Amino acid sequence: MDRKRDLPSSAPTRTEPTAAPTHVHRGLAEVDMGISGVTPAPGPEAKTTTVDDLQTEHGIRTRLYRDGSLVTENFPVDEISDHLEDGSGCVVWLDLCAPDSEQLGIIGTEFGLHKLAIEDALDETQRTKLDRYSTHLFMAAHSAQLDPSTGELVSHEISVFITKHALITVRKDPAFSIDPVVERWDASPDLADCGVSFLLYGLLDYLVDGHFRAVESLDEAVEATEDELFDARRGAIESVQRRSFELRKSLVLLRRITLPMREVVNSLMRQDLGIVTETMAPYYRDIYDHVIRATEWTESLRDLVTTIVETNLTEQGNRMNLIMKKVTSWAAIIAVPTAITGWYGQNLPYPGFAKESGLITSTVLIVVCAVGLYVVFRRKDWL
């Protein structure tokens, strides 16, 4: 890994009062963690602010692996260069949470990161991708989690710089916790000797598993929506419409996340990049298989939700036709007595005029005709 040994001229430095030489990368820790200008207030109860405290406060985490073993973690950032100078057997992980441009610029100078990659890491609207530079790789990826109550997909973006001896993760939202990734690393200490390939695998495995769980949750939500599809209650109809719309939005977002991930994992497995070791190759193929399955599952669910929406519209049309058929049938039934009473309302003498027999006759005609029409409509399933 080619790294620039000197800080940029814009990096702030601290002058020590003693004659002891200052570490060449001291300014890195000060700018990155906000140490510059921090002085404990004088007094008997003054508390000394340590580098570890400031790292925790600013969301910075570090880890050092040497020859496949975890040596130390959460050490000061300005010690990274010392560890990497010890030998090729050292691998460093650095995690930054919502850094600003100055902080990330100092990190970029330390590790020789390309300025375009740094700009992408600061941009919060990056698509899932893998860019190749002369000294490192840059990967943008997204996590995914479904809110079961609303059917909304929640996603967080993470940027990753991949060098020969270091993995740098940049989380753009503190809501995205890196702890599950660390737990996966600790659960497979036998693979730690694979270095950066092992660290990157743990991160990708966590992200892809999240995609897979999101697809499973969406599948269950789609099945629940299908169960309500033929419920004629007004509340069920509105629920199907609302959830179908939310599921379509979530599936579009998930597809935008999972589909490019297939190309990212496939590119990482290329031999010319030298990222995936022979030992880790089967694990990356397993991730690739999960990505393919998640992508295909997402595509099938999109088609299924589209079918649900179309079926819902068809059902509404059928219900409307049925309602119109019933209304028309009842109107025909009501039209008969209306016609008879209207006819008998003429101011002309007719059989039974001004007699009780006329009333009985008209009443019998109304009842017989109405019942006859009702029977006919029932047989034709119009009512």
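## A nonpolar patch on the surface

A patch here is a group of residues with over 30% relative accessible area and no salt bridge, and nonpolar side chains are joined into one when they lie within 5 Å. With that in mind, welcome to this structure, which is a predicted model. On its surface, Trp330, Ile334, Val367, Val371, Tyr374 and Val375 form a nonpolar patch. Together these residues have about 540 Å² of accessible area.

Which helices supply at least two residues each to the nonpolar patch? They are helix 9, covering 281-343, and helix 10, covering 356-379. Helix 10 gives the most, with 4 residues. Val375 counts as partly exposed because its relative accessibility is 35%, and partly exposed residues fall between the 20% limit for buried and the 50% limit for exposed.

## The protein as a whole

The protein has 383 residues, and 43% of them count as buried. Its secondary structure consists of 10 helices and 7 strands. The accessible surface comes to about 20600 Å², and carbon and sulfur atoms account for 53% of that area.

Among contacts with a separation of 6 or more, 64% are between residues 24 or more positions apart.

Now find helix 4, residues 101-111, and helix 5, residues 115-122. Their axes are 10 Å apart, and the two helices pack at an angle of about 145 degrees. The crossing of helix 4 and helix 5 is right-handed. On the helix 4 side, the contact is made by Ser101, Leu104 and Gly108. Helix 5 contributes Ile118, Ala121 and Leu122 to this contact.

## Salt bridges, buried and partly exposed

Side chains of opposite charge can pair when their charged atoms come close. In this model, the count comes to 14 salt bridges. One of them joins Lys129 to Asp120, with the closest N and O atoms 3.0 Å apart. Are these two partners buried or exposed? Lys129 counts as buried because its relative accessibility is 12%, and Asp120 counts as buried because its value is 15%.

Another salt bridge links Asp272 and Arg270, and here the closest N and O atoms are 2.6 Å apart. Asp272 has a relative accessible area of 44%, so this residue is partly exposed. Arg270, at 42% relative accessibility, is therefore partly exposed too.

## A closer look at helix 9

Arg302 counts as partly exposed because its relative accessibility is 29%, and Glu299 counts as partly exposed because its relative accessibility is 23%. Elsewhere, salt bridges that share partners join Arg63, Glu73 and Asp186 into one network.

Ser300 is also found in helix 9. With 36% relative accessibility, Ser300 is therefore counted as partly exposed. How many residues apart in sequence are Ser300 and Asp219? They are 81 residues apart in sequence, and 9.7 Å apart in space from C-alpha to C-alpha.

Note on methods. Residues numbered from 1 in each chain as written. Predicted model: local features only at pLDDT ≥ 70, side-chain atom pairs only at ≥ 80, totals over all residues. Heavy atoms only, no water. Patch = residues over 30% accessible without salt bridge, like charges linked within 9 Å, V, L, I, M, F, W, Y side chains within 5 Å. Areas by Shrake-Rupley, 256 points an atom, 1.4 Å probe, with all protein chains shown as cover. Salt bridge = Lys/Arg side-chain N within 4 Å of Asp/Glu carboxyl O. Buried < 20%, exposed > 50% of the residue type's maximum accessible area, 1.4 Å probe, protein only. Axes fitted to C-alpha atoms, helices over the stretch in contact; angles between N-to-C directions. Left-handed = near helix turned anticlockwise from the far one by under 90°. Contact = heavy atoms within 4.5 Å.
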